[in-house]
Structures are given as C-alpha cells and as structure tokens.
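Colleague: I would like to go through the labels attached to this model and hear what each one rests on.
Modeller: Go ahead.

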Amino acid sequence: MEKAKQIKEELVRKIQQCMNEVGFKAVIELSEHEGIVHGRMEVEMETLKVVTHITDREMKPLDCGPVANEVARAHLRTAIIRPTLTVQTATGTVSKQRPTVPEAQIEQPYSQTERKEVR
Amino acid sequence: MPVLTNYWFEDTDFRGNTQFLNIAHGAGVWAWINWSNIAGTSSTLVWEREDREIVIDLVPILNAADILSAVDGILGNQAQRTSGIRAGWIPWRYVPYRNADPSRHGDLDLLIRIFFDFHVDTPWYCTDADGDISYYVVPFLDGSGRLGAFVDGWSYAYDGGGPFCTGTISDQLSNSVPNGMATLQSLLDTRLGLFASRRFDLLYLLPGNGTRSGGGTANVNEQVSLALLPR
C-alpha cells in the first residue's frame, strides 16, 4: 500500500514536470486512490488538453447498504404489523374479511393475471 | 359504505405505472368493474376500504421545507438535489441490498423507497454526473397499535462522471449517503411523534394519493400513501 502510494506520487510529479517543460501549467489532484494530472494550453488558436489518471481500483457508479443488522432486528422485534402483499391479521377487531392475494399467485409472480370483466 | 379500489400495475409484482378505480361496494352484492383499456398491465390488486380508514399522502409531507433542507444538508457541497422527494413502494425482493441479509424481510413485504435526483459538477476533464439517492423505510404498528417507522437501508446510482471522476464521486456519496440514514430517522421520529397518543388496528400502503373516489393513474414506484385503521 505504501509502495503503491509512493509510486503514484512520484509518477504524477514526473508527469507534471514533463507537461510543464512543454508549456502546460499542469495541475495535480491527488487522493488515497486516485492521481490526476491535467492541463490545457492554447497553441496557434487550438487548445491542447492533457489528462493523466492513475488509480488502484475500478469504481462503479452505484452502491447500496442496509442499516446495521442489530438495529434492524431491534426494530423488527417490535414491528407486529407492517405493509405487505401477503396475508396479515389486524391487531384489533376487524369489521369484515379483507380480500387477499392467493399464495399460489404470490409464489408465481411472473404468470400473467387473467383479466376479466366482473359483473 | 366501504369502497372497493381496484389497481392494475404495469409490471409484475405490483410495480410501475398504476391505473385505479374506486367503487362503492356494500356487502352481499357484486362489484361492477368495467375496464375497457387495461392493456399492458401485468398484475392487479383489490382492497376493500373501510369507512374509518385514514389516508396519509406521503409525497407532500416529505416535501416539507424542513425535510428538504435536511436532505440538502446530507449532500453538502458535493452534490445538488435536482428533484423533489418521491416516495413509492418497493417489494423486498427488489431492494438492491437484499442479498446482504435476504431473510430480513419477506419477499413481498413492502418498503417505502424515499428518493430524489441529484447532480454533481465535475472538472472539465469529466462529464457531470446525474443520478438518484434512495432510502428504504419500514413503517409498522407495534404490539399496542402504535405507529412507528425505521430506516432500513440506502442506495445511490448515477450516470456520467467519466472517464476519471467516478472514484471521487462514489467515495463522496458512499460516505455521505449512509450517514443520511440517521438524519432521516430523526425526521421520521419527530413526525411520528404526532401520532404518539393514537392506536391503530391495521397499517397498509396504497398506490398514489389514496383517493376513495373516481379513477385515474399513478406510479406506485413514485407515490404511495400510508393507510391506517384507527381504534
């Protein structure tokens, strides 16, 4: 880890020096995992752009995570009624039986529901 | 008289664009539901809604000024929120971190996905990034019928930031977004305090704003209401 960091730092400085020698005012952006050297230079009405990127990882543009298990489990121990598409029973007296989704349909979510005109 | 609400969903497992129709329905009689245009739907639900039902449309509540300000604080200077807050239902089966603890919930248990869009400005050598940040909330009733809710997890996803900036962007988001769970939990606890003295028999979610009359469309992925049956 330390060796890789040293190499990264040495490399970006050498690249910066190289770019500066030909007229760029190269800028270094250095972090724990990334090293970037970039610069732009106007030459004969054209803009030259140079970017060098050094990294030790492949990052994805997405991530996710649950709350700690002990936190979730503590809440779930007290959660008696929660929203669900399966059958549930009210904590108190209910006035009438509620329509439910049959378990067979729940277990086969990708089967098409037959559409009917109900009269 | 109770109301029968019929929902047709674009996707399987009761997700996506939703058409709904409400009809008054007494016991012991047929319910007439004439659907002339339900093509392109893949799942359906029907709920008989009691007269005592209370419905709370979550989207307007979550877009209160203090909540928006707190959400903006989660992002700090790294990113800007570019949409209002949306709140839809998502079955556990489709929550992105489900595999971290699959048995935590049942596959068709519903979480509320609270989410919004964001934008990240980047240096000239990268494309700007645009994406969304989500928090997953479980509302519940405890054994005494008291209303509660907890933040179960988080996620983010974005496009852009290439070719060199995704690392920095993801580092910042992976630090700030999880920390936002505590902020959101605090806001929920404050709002739920308004119900501290009330007790309920049942809690469920309804697509859209939970209207009890007429018909229309909504997107259950982006708008749900919390329904409660008070004792």
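**The interface of chain A and chain B**

Modeller: The rule finds 3 salt bridges across the interface of chain A and chain B. Bear in mind that this is a predicted model.

Colleague: Why is the pair Asp171(B) and Arg57(A) called a salt bridge?
Modeller: The closest N and O atoms of Asp171(B) and Arg57(A) are 2.5 Å apart. The cut-off between a side-chain nitrogen of Lys or Arg and a carboxyl oxygen of Asp or Glu is 4 Å, so the pair qualifies.

Colleague: Which elements of chain A give two or more residues to the side that touches chain B?
Modeller: They are β2 (34–43), β3 (46–55), β4 (62–66) and α2 (69–78) of chain A. The largest share comes from α2(A), with 6 residues. By residue class, that side of chain A divides into 25 nonpolar, 16 polar and 14 charged.

Colleague: How many residues are in contact, and what area is buried between the chains?
Modeller: On chain A, 55 residues are in contact with 68 residues of chain B. The two chains bury about 5,400 Å² between them, and 58% of this is on carbon and sulfur atoms. The rule also finds 18 residue pairs in polar contact across the interface, both residues being at pLDDT 80 or more.

Colleague: What makes β4(A) and β9(B) a strand pair?
Modeller: Pairing needs at least two bridges, and 5 bridges join β4(A) to β9 (residues 147–160) of chain B, so the two strands pair. They run antiparallel. Within this pairing, Pro66(A) stands opposite Gly153(B) in β9(B).

**Backbone and accessibility**

Colleague: Why is Met45(A) called exposed?
Modeller: Its relative accessibility is 82%, and exposed means over 50%, so Met45(A) counts as exposed. Met45(A) lies in the loop between β2 and β3 of chain A. Its phi is near 70 degrees, a positive value in a residue other than glycine.

Colleague: Is Asp13(B) buried or exposed, and how do you know?
Modeller: Asp13(B) has 2% relative accessibility, and buried means under 20%, so Asp13(B) counts as buried. Its place is in the loop between β1 (3–11) and β2 (15–24) of chain B. Phi of Asp13(B) is near 60 degrees, again positive in a residue other than glycine.

Key. Residues are numbered from 1 along each chain as its sequence is written. Chains are lettered from A and ligands numbered from 1 in the order in which they are written. Side-chain values use heavy atoms; hydrogens and water are left out. Contact means heavy atoms within 4.5 Å. Buried area is the accessible area (1.4 Å probe) that two parts lose on being put together, summed over both. A polar contact is a pair of N or O atoms within 3.5 Å; within protein, one must be able to donate a hydrogen and the other to accept it, and residues adjacent in sequence count only if both atoms are side-chain atoms. Helices (H or I, at least four residues) and strands (E, at least two) are DSSP runs, numbered from the N terminus. Ala, Val, Leu, Ile, Met, Phe, Trp, Tyr, Cys and Pro count as nonpolar, Asp, Glu, Lys and Arg as charged, and the others, Gly among them, as polar. Buried means under 20% relative accessible area, exposed over 50%, partly exposed in between (1.4 Å probe, protein chains only).
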